[in-house]
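Please examine the sequence and the three-dimensional structure shown here before reading the briefing.

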Amino acid sequence: MIKEWNLLRTIACLSIVFLHSTSQTAVSAGGYPASEAYSVLRVALCYATPTFVILSEIILANRYPDALPKNFWQKRLKWILAPFVAFAVIDALVSYHLNPAVDIGLMIQKNLLGNYEGYFVLIIFQFYALHYLVTKYKIPVSWLLPVSLIVMSLHFQFMEGSHQMIKENLSYLKVPFTAWFAYFAVAYAIGKHYKTVAAALQKYRYFTIAGVAASLAIVYIFYKAGYIGVGSKRLDLFPLTVAVSLFILAWGQRMKGNRVINLISNYSFGIYLVHWQVQRYLASYTAELFEQTYLQVFSLFFITLILSMCIIKLVSLLPGGSYLVGNIQRKRRSVSVPLPKTA
């Protein structure tokens with residue numbers, strides 16, 4: 001696996017766990033701190049889920065720029081869709097254990113439609129289908145990018161409607177590919193021409209810092225304008241997600257291989273599915289240990305990360321364990337990207 005891809009996946013994974021640590025701490029501690037900076041940070045951390053989605057297509061477009069291999073769907077059904085289905089059930093069972101009034105059957109049905117933290121898997125599978133269509137019909141990026149931006153913008157405008165039906169189904173309206181179409185187009189362009197893009201990012205890597213700063217400013221402007229909802233279904237997260245991804249892809253090329261980063265990267269899919277359930281049980285204990293919010297959040301974050309990885313390792317040793325937590329053994333690949341003569 002390319003080292004900057006591992007770094008991007010790891011940082012996105014840790015951001016998700018940290019964001020949810022703030023959420024679960026608030027549930028157990030009785031609310032969020034009255035801090036604008038804290039609130040904006042939580043909004044900005046929502047870049048992480050779209051980053052997972054972007055990276056999936058970057059890798060796909062890089063490996064299969066012309067067509068998908070014959071065994072493509074079989075592997076994804078076993079190691080991506082099967083864990084999604086398994087945790088749709090597990091999430092319902094945990095909810096029932098915490099609240100016996102929960103209708104397990106109805107909740108499983110809703111979860112399978114994307115009404116739990118594993119919803120991004122449904123988006124990724126739609127990206128697989130889009131990738132198949134784009135490569136089969138050789139749709140040019142010059143056409144794909146503007147159309148995808150228009151479609152995604154229209155989807156977000158629709159989601160902001162005041163109709164009662166829209167309000168009641170917001171959790172499902174974030175699942176259709178139209179809400180993520182521009183992410184796909186950008187990721188497809190990056191992945192298909194990755195050697196060229198990576199070399200350019202390496203050469204102009206300092207500009208990626210400005211890109212992150214500008215995109216964070218956009219998020220802050222939206223926040224001050226009243227868009228304070230914490231979630232990935234925000235249009236202002238698109239430039240932030242792209243900017244952060246380019247920043248990490250640029251500077252990650254200069255990083256030496258790191259075992260911890262590679263390990264977390266390999267476990268990232270399982271961590272994404274497992275950590276939410278761990279935190280639902282753990283947050284009340286970490287909230288009682290400390291009075292300060294930052295200690296409550298950080299303790300929940302670190303303990304959750306360690307416990308999640310231990311659970312994933314133990315489950316992976318069981319027969320068929322990879323169908324629950326995904327494949328944690330990835331082959332390493334490399335892409336030759338020339339470094340500039342001047343550092």
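The points below are grouped by topic.

This is a predicted model, in which local features need pLDDT of at least 70, side-chain atom pairs count only at pLDDT 80 or more, and totals for chains, interfaces and linings use all residues. Residues are numbered from 1 along each chain as its sequence is written, and side-chain values use heavy atoms, with hydrogens and water left out. The structure holds three salt bridges and zero disulfides.

**Annotated regions and helices**

- An unreviewed UniProt entry lists residues 39-60, 80-98, 118-134, 141-159, 171-191, 203-223, 235-253 and 298-325 under "transmembrane region". UniProt positions follow the numbering used here, feature names are shortened, and annotations may be inferred rather than shown by experiment.
- The chain over residues 171-191 is 67% helix and 0% strand, with its end C-alpha atoms 29 Å apart. Helices (H or I, at least four residues) and strands (E, at least two) are DSSP runs, numbered from the N terminus.

**Salt bridges**

- A salt bridge is a side-chain nitrogen of Lys or Arg within 4 Å of a carboxyl oxygen of Asp or Glu. Side chains of opposite charge can pair when their charged atoms come close.
- Glu36 and Lys224 form a salt bridge through their side chains, at 3.0 Å from N to O. Glu36 lies in helix α2 (residues 36-44) and Lys224 in helix α12 (residues 205-224), so this pair ties together parts that are 188 residues apart in sequence.
- Glu36 has 36% relative accessibility and therefore counts as partly exposed. Buried means under 20% relative accessible area, exposed means over 50%, and partly exposed is in between (1.4 Å probe, protein chains only).
- Asp91 and Arg280 form a salt bridge in which the closest N and O atoms are 3.1 Å apart. Because Asp91 lies in helix α4 (residues 72-98) and Arg280 in helix α14 (residues 259-289), the pair ties together parts that are 189 residues apart in sequence.
- Asp91 counts as buried, at 4% relative accessibility.
- Arg234 and Asp236 also meet in a salt bridge, at 2.8 Å from N to O. Both Arg234 and Asp236 are buried.

**Cysteines**

- Cys46 is buried, with a relative accessible area of 5%, whereas Cys310 is partly exposed at 41%.

**Helix α6**

- His131 lies in helix α6 (residues 120-136) and is buried, at 0% relative accessibility.
- Leaving aside neighbours within four places in sequence, His131 is in contact (heavy atoms within 4.5 Å) with Glu57, Leu60, Ala61, Tyr64, Leu68, Phe184 and Tyr188.
- Leu133 is also placed in helix α6 and is partly exposed, with a relative accessible area of 39%.

**A loop residue**

- Pro69 is placed in the loop between α3 (48-63) and α4, and at 26% relative accessibility Pro69 counts as partly exposed.
- Pro69 and Leu235 are 166 residues apart in sequence, and their C-alpha atoms are 33 Å apart in space.

Technical notes
A disulfide is a pair of cysteine sulfur atoms within 2.5 Å.
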